Amino acid sequence: MYRQLSQAEIEILKQQGCVAENWENVEVSISFSAEGISNVRFAGNIKLGTQRGKVQIDEGILKPATIRNCFIENCTIGENVFLSNVGSLINYKLGNQVVIENVGSVVVSGKSAFGNGHEIEVLNEGGGRELPVFDKLSAQIAYLLVIYRHNSTLIEKLKKLVSKYVETKRSIVGEIGENSIIQHTKSIKNVKIGPFAKIIGASKLVEGTIDSKQEAPVYIGEEVVAEDFIVLSGSKIDGSAILTSTFVGQGVKIGRQFSAENTTLFANSEAFHGEACSVFAGPYTVTHHKSTLLIAGMFSFYNAGSGSNQSNHMYKLGPIHQGIVERGSKTGSLSYMLWPCRVGAFSVVMNKHAGNFDTTELPFSYISVSDGKSVLTPAMNLFTVGTARDSKKWPTRDRRTGSEKLDLISFELFNPYIIQKIIDGSELLNKLHETTPKSKEFAKHKGVHINRLMLRTSKRYYDLAVNVFLTNQLVERLKDKSYSSLHEIIKLLKPAVESGCEKWIDLLGMIAEKKAINNLIELVCNEEIKTVENLQNGFVKIQKESAERSYAWSIAKLKALQNIDVSQISKQELITIVSDWKTNSIKFKNMILKDAEKEFDQLSRIGFGIDGDDDTENTADFEAIRGTYTNNSFIIGLKNEIAEIDSTYTTVIKKLEKLPE
Amino acid sequence: MNQEEVKHRIKKVVASVLKLDMSEITDNANFIFDLGADSMQSMLLIAAFEEEFEIEMDVDKAQEVQTISGAVEFISSYL
């Protein structure tokens, strides 16, 4: 509720150095007091809340509500704000307890959608996969928009949904949510700012949305320049970062002079020092080092070593080449890839590759260069302690503290998508083994050379991983339940959903059955999905059903690969499966332990104890820094997992043995 | 197959995989510290031994083998 100023109040304001184009256009809250308002020039329609309490400027620092030394035009100002030295504050609605101090201008000019609907050219620098960004964009919606260009109807309908949403955001008035703090910032134009945001010392923010929330505030720090952008909740951008046409997802960290252009960085990504250009970066894309240029690539759960570099310049008709780096992969220091390339999941790329390759069928590989050739060692990364550690750390590093988590993330290391890749890899290695003569040192496949000797061994590693995953599905169902007959077990093991060996896909972090995604796409194409919220809910529903579908897929695969039919399984078959599961699972964990041991071996100790007089001192120095193998928490965790496997085996076998014949 | 023959064939495989002269490979040479095998080469060695002796080894146990003499003992157990 607002009222006109009384004549007495106008006089007080004038005495306090305030000026208005027309005092009749300055409305105030019922309990308004002119105290604390000085040297303010009002223009246009103004609505002022009561300024009587205290405002928190920083932790432990409270100041009385104040509006001073400001030019304010067409604004609605909440209660108990602190506005001091603001060159221009035009066309904004401010929530309660907002602080704006030492700021050049905060202006909305014309009608703006605040970065919503702005198209960014991800993946293909030359365009063609333009992604309209908006403040409810999830990695999965983005994936459909960017990757499904073969389905023109889908793209058209999706863009229509996005446009409809964007229209709801268009306004001539901007918002600065309650408890937001903007200090020492030069210029903000056409930026919508959510509650509890902190913008401290930014240089220039133009055409954007800062979707801050109380439970997941956004921080924009010193010398940041951002144009045409969306920054979602819980993210932190500072250290002179420069963002142009960039979408920043939830819980992202950007800083130390990182620059990004035409780029997305979805949930929990981290980008420092380097540069990103036309990068379609899914959740957990991490680049920390100088001289790292990510360009025209799709990444997720990715770690860029220092000086990682790619180029898309092998073109004659514009920069059309792109790189697909599947989930969980890493690029080593000074590694280089010449797009187009496709790197299989959880692989490590080292050295400088001058040729193009596609290793999607060979996940968990090391891809290096020897004598100028790209050499792939399959399955090498299956049992490394790094892979095991990564898969455990990602869920613990989810920085999204808000209630709404837009990106749907499948954290598990093994799932139908990855296992199918491994099965494909095993079949491929078998074929290559059969067709590569012993006289050849290498087999060739889609741009990489594979040492012939590794074909059979790597296939065994792949098969071990598949076996552990599939049998584990059964053991998981059997371990905590009680049953007194085989009939009850068969009922327990029967999947709740119908599913064959359907294809699964990775939608930038979310693993899903392709059939389910196709159904969702059909709903979009038929216009049965009418809003972006409905579409997002569709993805959420698929993710909720995915555990049961994953189980059904595994059961179908067990039948297809090992002729195990759970609907007709015998007691003896179950005992054999559980025994094999135990043996293989422990073997798998032991191989990771072996790899972990290397972290404590003689080579790892080089450089420790440099002034030591004997091995005792050298060892003491190493152990003071790195600890010991036996005390390492990761090693202890792995050993506990092995003990757990043993204990589960004993429990399940006991129950199975009690069953009547 | 006697131990000497196993040792000779192991050294031949090691020389081929690690691109070394057989004379450089002593009986007690350590694959990593003396012969310079990295983790990928270690896996290649296991694969090469399997092919040479037409056996299938327990990989996690094979990885524990550090020296030529250890390899002789380990591989002999499969023959």
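Predicted model: local features only at pLDDT ≥ 70, side-chain atom pairs only at ≥ 80, totals over all residues.
**Reading the chain B and chain A interface**

Biologist: Why quote an area at all?

Modeller: The size of an interface is often given as the accessible area lost when the parts come together. Here, the contact draws 22 residues from chain A and 20 residues from chain B.

Biologist: How many salt bridges are there between chain B and chain A?

Modeller: The count is 6 salt bridges. One of them joins the side chains of Arg452(A) and Glu51(B), at 2.6 Å from N to O.

Biologist: And which helices of chain B supply at least two residues each to the side that touches chain A?

Modeller: Those are α2 (39–53) and α3 (59–62) of chain B. Of the elements on that side, α2(B) gives the most, with 8 residues. Sorted by class, the side of chain B that touches chain A has 11 nonpolar, 7 charged and 2 polar residues.

Biologist: Now chain A itself. Where do its domains fall?

Modeller: The domain assignment puts domain 1 at 1–107, domain 2 at 481–569 and domain 3 at 571–657 of chain A. Between the C-alpha centres of domain 1 and domain 2 of chain A you have 57 Å.

Biologist: What does the UniProt annotation cover in chain A?

Modeller: The unreviewed UniProt entry carries "domain: DUF6819" over residues 487–655 of chain A. Over residues 487–655 the chain is 66% helix and 5% strand, with the end C-alpha atoms 14 Å apart.

Technical notes
Residues numbered from 1 in each chain as written. Chains lettered and ligands numbered in written order. Heavy atoms only, no water. Domains from an automatic or database assignment. UniProt positions renumbered as here; feature names shortened; annotations may be inferred. Helix = DSSP H or I, 4+ residues; strand = E, 2+ residues; numbered from the N terminus. Contact = heavy atoms within 4.5 Å. Salt bridge = Lys/Arg side-chain N within 4 Å of Asp/Glu carboxyl O. Nonpolar A, V, L, I, M, F, W, Y, C, P; charged D, E, K, R; others polar.
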